[in-house]
Amino acid sequence: MGSIPTTAMEEDDNYTKDGTVDYLGNRADKNKTGTWKACPYIIGNECCERLAYYGMSSNLVTYFKYRLNQHSATATRSNLNWSGTCYITPLIGAFLADAYLGRYWTIACFSIVYVFGMTLLTMSASVPGLRPTCYADDKCHASETQTAVCFVALYIIALGTGGIKPCVSSYGADQFDDTDETEKQHKSSFFNWFYLSINVGALIAGSVLVWVQENVSWGWGFGIPAMAMGIAVVTFFWGSKLYRNQNPGGSPITRLSQVLVASFRKYQVQVPADKSLLYETAEAESNIQGSRKLDHTEDLRFFDKAAVDTRTDQVKDSVDPWTLSTVTQVEELKSIIRLLPIWATGIIFSAAYSQMGSLFVLQGQTMDTRFGKSNFKIPAASLSIFDTLSVIFWVPVYDRIIVPIARKFTREKNGITTLQRMGIGLFISIFSMIAAAILEVERLKMVKRDNYYARDWIPMSIFWQIPQYFLIGCAEVFTFIGQLEFFYEQAPDAMRSMCSALSLTTGALGSYLSSLLVTIVTSVSTKNGKVGWIPDNLNYGRLHYFFWLLAVMSVLNLGAFLLIAKRYTYKKAVGTLS
């Protein structure tokens, strides 16, 4: 067998080996596409999109309460339910991206839907007849039609964000070749800086836009995010020629279902001791478009039955995929099953995190929002900028200081593993809930001591909320960024959008769990005519009990995570895509 000419090998090294292609569908040239050349357009798109999202969500509970005239508990539930939906719809976008459209076209199409929803929301807050009728700043009436238009717009936005959220982080990571060690190391840094861009958008939203909403108009407060989303779309299309694209691999749900069906059909079949006898394609590449083969793992052995080749599985060289699966297909299913327990532990963290856009805001509205001795008032929702500032502070500290120091001790290329990173974040989040609870205890002591029950706010500075926001921001840097990287790395190549969406659904279920807890707590604590934990006037309530409840749940969740992480088996990809 003759040797490969050196020039041919050098030319081959100029192209990616992870299956990515350029905008014309040709194998991606490393010198012309991807890496940090393409990332500014993707990161810029994400920054503008997050500005639009947080420009709405940061202060939406206030809009529900004071413009749509909803009670505190109802406004909190409305906000949490919408926020939860924004983290469920990514399953739709992820499925379309992995199966049919690819990440590029999914982001492009759903971004347009997003712009339409933002435009309608802006109209619902500014156009006479569509906007609520207000007699004072905190006394408004919204008809059923006006409320309906507002919520239709919000849920169109939820659909739009569902096509962007699960794809954009994976799409950015696609710009780095997994088979190139240098590019692979840059990929880890990408997730840190990607998340930083999210918080730059959130910083502008939590400061400038929240102030505009409460001091200028809600029309402009929603209109500016709509324009930001328009910029996001233009930015994304601008970089099209530089992107590396992963071809869609067909329906991942179908492939997973085939393994399940084949396994149960062969429940009586014995798996051979020699795992090399299990069925796999003879070619160097996987039979799944855009996906490398996966090495066999020893756990979850029942599903190996799907890859046992019996005499009836192949007829005239054709294989029935519902009776015989490749090892790679089986390992896809195993990868997803192994991710589920880790995924579940993110729900409690997301429930705690969701308080930043709901009960933290309502708590802040009962405090002194003046800046120093001036009459300038800070919107309660603007305190979320301290969460953002915390993230902006900790991302470079983690990437440039903590990782290099940790690398010297652990020999891990990323300093610590993604699971260790997530565990640290879960631990820190406990103290955010404790800080919020202690603050509420002190606030109620002042209410009782000075008889401030009938007052809308008390002379305790809102800046006492900074610790709880700063701590939750620190927890984000460890948990959420760790989740992004972990679910991308552990996902099969052709299911990365789906796994990113899976990680995002913890945000949805966290919001829904928080909404459910508010419903249960309200129902139980208002029996026998009591005002309950979360009344309209929080001076009569027991909001700290709710924060203590979340703190206890977070402690139990951390314990569960440590047990699960200790037993986790990492996936192993084999070979490259030519």
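From which domains does the lining of the largest cavity draw at least three residues each? Domain 1 (17-249) and domain 3 (333-577). Keep that in mind as you click through this predicted model.

**Stop 1: the domains**

Start by colouring the protein chain in three pieces: domain 1 (17-249), domain 2 (252-332) and domain 3 (333-577).

**Stop 2: the largest cavity**

A search of the whole structure turns up three cavities of 30 Å³ or more. Go to the largest, which has a volume of about 700 Å³. To get to the middle of it, select Arg50, Tyr53, Tyr54, Tyr87 and Tyr353: of the 40 lining residues, these are the closest to the centre of the cavity.

Colour the lining by residue class and you get 18 nonpolar, 16 polar and six charged residues.

**Stop 3: the second largest cavity**

Now hop over to the second largest cavity, at about 50 Å³. Helix α5 (residues 90-126) supplies the largest share here, four residues. By class, this lining splits into three nonpolar, four polar and three charged residues.

**Stop 4: a helix pair**

A pair of packed helices is described by the angle between the axes and the distance between them. For α14 and α17, the angle is about 165° and the axes are 8 Å apart. How do the two run relative to each other, roughly parallel or roughly antiparallel? An angle over 145 degrees counts as roughly antiparallel, so α14 and α17 are roughly antiparallel to each other. Look across the pair and you'll see α14 pass α17 in a left-handed crossing.

Before you leave, colour the contact of α14 with α17 by class: its residues divide into 21 nonpolar, four polar and one charged.

Conventions
Residues are numbered from 1 along each chain as its sequence is written. This is a predicted model: local features need pLDDT of at least 70, side-chain atom pairs count only at pLDDT 80 or more; totals for chains, interfaces and linings use all residues. Side-chain values use heavy atoms; hydrogens and water are left out. On a 1 Å grid over the protein atoms alone, a cavity is a set of points where a 1.4 Å probe fits but cannot get out, and a pocket is an open set with protein on both sides within 12 Å along at least five of seven lines; lining residues have an atom within 4 Å of a point. Grid points are joined across faces, edges and corners, and a volume is the space filled by probe spheres set on the points. Ala, Val, Leu, Ile, Met, Phe, Trp, Tyr, Cys and Pro count as nonpolar, Asp, Glu, Lys and Arg as charged, and the others, Gly among them, as polar. Domain bounds come from an automatic or database domain assignment. Axes are lines fitted to C-alpha atoms, for helices over the stretch in contact, and angles run from 0 to 180 degrees between N-to-C directions. Angles under 35 degrees count as roughly parallel, over 145 as roughly antiparallel, 65 to 115 as roughly perpendicular and the rest as oblique. A crossing is left-handed if the near helix is turned anticlockwise from the far one by less than a right angle, and right-handed if clockwise.
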